[in-house]
Amino acid sequence: MKPAILLSALLLSTPALADWKPVEKIETYAISGQTPEALYVSIGEKGPVIGKDSAGTERRVIAHTNFKLTWQRDYQPQGGACVLKTARPKLIITYTLPKPAGKLPSAVQARWDSFAAGLAAHEKVHGAGIVDMVDKIVAFSVGLTVADDPGCTKIRAELTQYLDQLSKAQRQAGRDFDKVEFGPGGNLQKLIAGFLIGG
């Protein structure tokens, strides 16, 4: 069985996926407090806003991953068809994480360092999901050919439809991941408990 698995892995890793890299940035927001409890309350007050709930109250999160994606695409009419010769992404992923504004007592700093590392690792999983989505777009795009499209308009519509599907799937995967991480026994639930209670 192993050779077949290896072969399928090789088939999936096409050269087109290897010639770009995302730019990753970290932004921080300042929180205050000298105890884990006070720091966590400050996170609740100052964390990134990701919308509003049904009552119109702002929804804040501990940390957030966002991205900006732009493309350089080369559409070429060939005969009556249109071929997408190249699709080069420019992806900027921004991780927004909390950062204490002041110096912490050494015992609190040690707990904070562990908590912050766990938060960053969680957000990196979201970042990896975004990179995976872009890789799939590249794989689908390069060489895409649409017949009877000399003006290269149908091909754009087809591409947009595919991008929409992938974007929805990526957002849903992110929500599913968070549900597990914050759920009973999930990594983030344990991380928060470890920060607040210690151990």
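Predicted model: local features only at pLDDT ≥ 70, side-chain atom pairs only at ≥ 80, totals over all residues.
Residues are numbered from 1 along each chain as its sequence is written, and side-chain values use heavy atoms, with hydrogens and water left out.

**Exercise 1.** Determine whether W20 is buried or exposed, and find its side-chain partner.

Solution. Begin with the relative accessibility of W20, which is 8%, so W20 counts as buried (buried means under 20% relative accessible area, exposed over 50%, partly exposed in between, with a 1.4 Å probe and protein chains only). Next, list what W20 touches beyond four places away in sequence: R88, P89, L91, V131, V134, D135 and V138, where contact means heavy atoms within 4.5 Å. Finally, the side chains of W20 and D135 make a polar contact of 3.1 Å (a pair of N or O atoms within 3.5 Å; within protein, one must be able to donate a hydrogen and the other to accept it, and residues adjacent in sequence count only if both atoms are side-chain atoms).

**Exercise 2.** Find which side chain T65 joins in a polar contact.

Solution. T65 is buried, with a relative accessible area of 13%. Among the residues that T65 touches are Y95, E123 and H126, and the side chain of E123 joins that of T65 in a polar contact of 2.5 Å.

**Exercise 3.** Identify residues where α3 meets α5.

Solution. From α3, take W112 and F115 among others, and from α5, L191 and F195 among others.

Key. Helix = DSSP H or I, 4+ residues; strand = E, 2+ residues; numbered from the N terminus.
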